[in-house]
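Subject: Structure handover

Hi,

Here is the structure you asked about. Please open it alongside this note; my findings follow below.

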Amino acid sequence: MSEIEVAAEVEEALHNPPKDAASEKPYPNQLYAWYVVAVFVLAYTFSFIDRQILSLLVEPMKRDLDISDTQISLLLGIAFAAFYVLMGLPIGRLVDRRHRISIVAAGVFFWSMMTALSGTAKAYWQLFAYRMGVGIGEAALTPSAYSIISDYFPPNRRGLAIGFFGVGVYIGAGAALVIGALAIGWANSIGDVTLPIIGHVYSWQLVFFVVGLPGILVALWVASLKEPERRGHMRREIGADGIERDAEVPFGEVMAYLKKNAPAFVTMNLCFALLAMMAYGTAAWVPTFFVRTYGWSINDIGHFYGGIIMVFGTLGVVSGGALGDYVCSKGYRNGRIIVMASTGLITMPFAIAFPLMSDPYWALALVAPATFFGTFTTGVGPSALMDMMPNQMRGFASACQGLMVNLIGLGLGPTAIALVTDQVYGDDLMLKYSLAIVPPVVLGLGAIMGFLALKPYLTSLDYLNVWSKENEK
């Protein structure tokens with residue numbers, strides 16, 4: 001969907017605000033709703049700059065810290081993902097019960113500080129610990145944002161809005177490469193420095209200061225946003241004063257709800273996680289692949305690949321979200337799952353081909369469609385989850401989804417490729433074959449999980465209506 005169409009949609013919503021099916025209350029001013037999404041996109045962008053910047057620093061970190069590809073992959077993956085998922089569950093529970101804007105602002109501040117502190121690390125274990133801290137902070141963003149956006153937009157526009165939020169992933173990942181390449185060039189021109197209190201700092205460590213500290217200003221911006229009223233499928237109760245209020249859903253009932261809907265919840269999130277595993281693994285190693293295979297400089301590939309991610313990743317995530325909305329509007333209630341499952345099959349041939357190209361520009365040409373189609377899931381996966389969950393369970397359900405996506409996608413994606421390179425081939429130059437083998441296999445498994453989720457997902461949508469009738473009285 002073009003920017004003109006989005007602007008027209010916002011204009012139409014301003015004059016004809018949609019009604020919530022459950023409460024008949026008008027949704028918030030849609031211009032302000034899109035403003036909130038824009039601020040969240042900025043926060044998400046910074047989160048991925050902080051998360052992805054390591055992919056440009058592989059070779060100097062290996063040299064100065066004397067570590068292997070596998071140890072690097074742990075920094076790229078499990079060091080972040082472990083605490084991201086561990087903290088995501090309690091934070092997700094808070095999202096369903098507390099002020100969500102404050103939770104996001106605190107998270108942005110914390111991960112920004114941890115990124116900046118990564119520039120002070122003197123040993124591998126210290127850098128590992130700071131990457132864990134980044135994961136803790138970032139665990140606050142997505143569960144809160146999905147819940148907040150779902151209360152700002154009606155269901156028929158939810159995929160598009162969440163898709164635009166997901167744009168931050170690809171703007172951030174691309175900006176990490178483009179801005180990171182510039183920052184690395186600047187840092188290399190300065191060389192190693194000695195700072196007060198901190199002491200000796202390698203040139204690559206200066207990059208962490210450059211990308212981390214501005215996030216503090218973003219945290220203050222987020223804190224200025226308005227908390228929306230919760231709406232949709234809610235548990236209600238009448239108090240002693242005769243006034244109807246939202247009723248808190250006990251944690252045991254949340255778990256019982258997820259258990260009841262486990263067939264859909266597990267298969268759809270495994271689909272999402274496996275497709276994310278391909279995306280994270282590829283993004284982590286493409287820069288190094290171009291350096292090792294084609295002899296490119298990290299600055300050159302940073303600019304080219306960064307541009308591809310920003311352009312084709314952004315187009316893909318918005319197109320995926322809008323396509324999910326469109327398929328659902330045609331009467332396919334599991335339309336978002338159909339889109340997500342099909343993505344795995346469509347992306348596969350491009351994922352196989354690009355690492356095997358003898359010409360680097362042909363490789364880049366194939367990376368572009370792989371990125372475009374591979375990003376469809378970012379909008380449809382969370383939107384599908386929001387559609388099947390009561391409002392007061394969305395934060396925790398999003399955290400559980402994040403647990404699966406990040407443990408499998410981010411935790412295993414970079415490491416699976418590195419292990420094949422280190423343990424199967426035993427040669428850094430064989431990275432291209434690892435990239436041609438691991439992602440396509442994972443994409444196939446993800447597509448299978450998605451198609452298995454189609455029928456259970458419809459059952460879960462029906463169960464949501466039953467739950468609503470029992471709890472909205």
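In α6, Arg100, Ile101, Ile103, Val104 and Trp111 meet Leu141, Ser144, Ser147, Ile148 and Asp151 of α8. By class, this contact has 6 nonpolar, 2 polar and 2 charged residues. Helix α6 spans residues 100–117 and helix α8 residues 141–152; their axes come within 9 Å and cross at roughly 150°. The crossing of α6 past α8 is left-handed. Keep in mind that this is a predicted model.

Next, aromatic rings. The count comes to 23 aromatic pairs. Take Tyr124 and Phe128: their ring centres are 6.1 Å apart and their planes stand at 50°, so the pair is tilted. Both residues lie in helix α7 (residues 124–138), 4 residues apart, about one turn of the helix. An α-helix has 3.6 residues a turn, so residues three or four places apart point the same way. Tyr124 counts as buried, at 19% relative accessibility. Phe128 is also buried, at 19%. The cut-off for buried is under 20%.

A second pair is Trp296 with Phe304. Here the ring centres are 5.4 Å apart and the planes are at 50°, so this pair is tilted as well. Trp296 is buried, with a relative accessible area of 12%. Phe304 is partly exposed, at 40%. Both belong to one aromatic cluster, together with Phe289, Phe290, Tyr294, Phe354 and Tyr361.

Phe354 turns up again around Thr282. Leaving aside neighbours within four places in sequence, Thr282 is in contact with Tyr305, Phe354, Ile417, Leu435 and Pro439. Thr282 sits in helix α13 (residues 262–294). Its relative accessibility is 9%, so Thr282 counts as buried.

Which residues of α12 are buried? They are Val254, Tyr257 and Leu258, in a helix that covers residues 251–260. Seen down the axis of α12, the buried residues fall within an arc of 95°, so they line one face of the helix. Gly252, Lys259 and Lys260 are exposed on the other side of α12.

Last, Tyr326. This residue is found in helix α14 (residues 298–329). At 49% relative accessibility, Tyr326 counts as partly exposed, because exposed requires over 50%. Tyr326 and Arg157 are 169 residues apart in sequence, yet their C-alpha atoms are 9.7 Å apart in space.

Over to you.

Best wishes

Terms used
Residues numbered from 1 in each chain as written. Predicted model: local features only at pLDDT ≥ 70, side-chain atom pairs only at ≥ 80, totals over all residues. Heavy atoms only, no water. Axes fitted to C-alpha atoms, helices over the stretch in contact; angles between N-to-C directions. Helix = DSSP H or I, 4+ residues; strand = E, 2+ residues; numbered from the N terminus. Left-handed = near helix turned anticlockwise from the far one by under 90°. Contact = heavy atoms within 4.5 Å. Nonpolar A, V, L, I, M, F, W, Y, C, P; charged D, E, K, R; others polar. Buried < 20%, exposed > 50% of the residue type's maximum accessible area, 1.4 Å probe, protein only. Arc of directions from axis to C-beta. Phe/Tyr/Trp six-rings, centres within 6.5 Å; stacked < 30°, edge-to-face > 60°.
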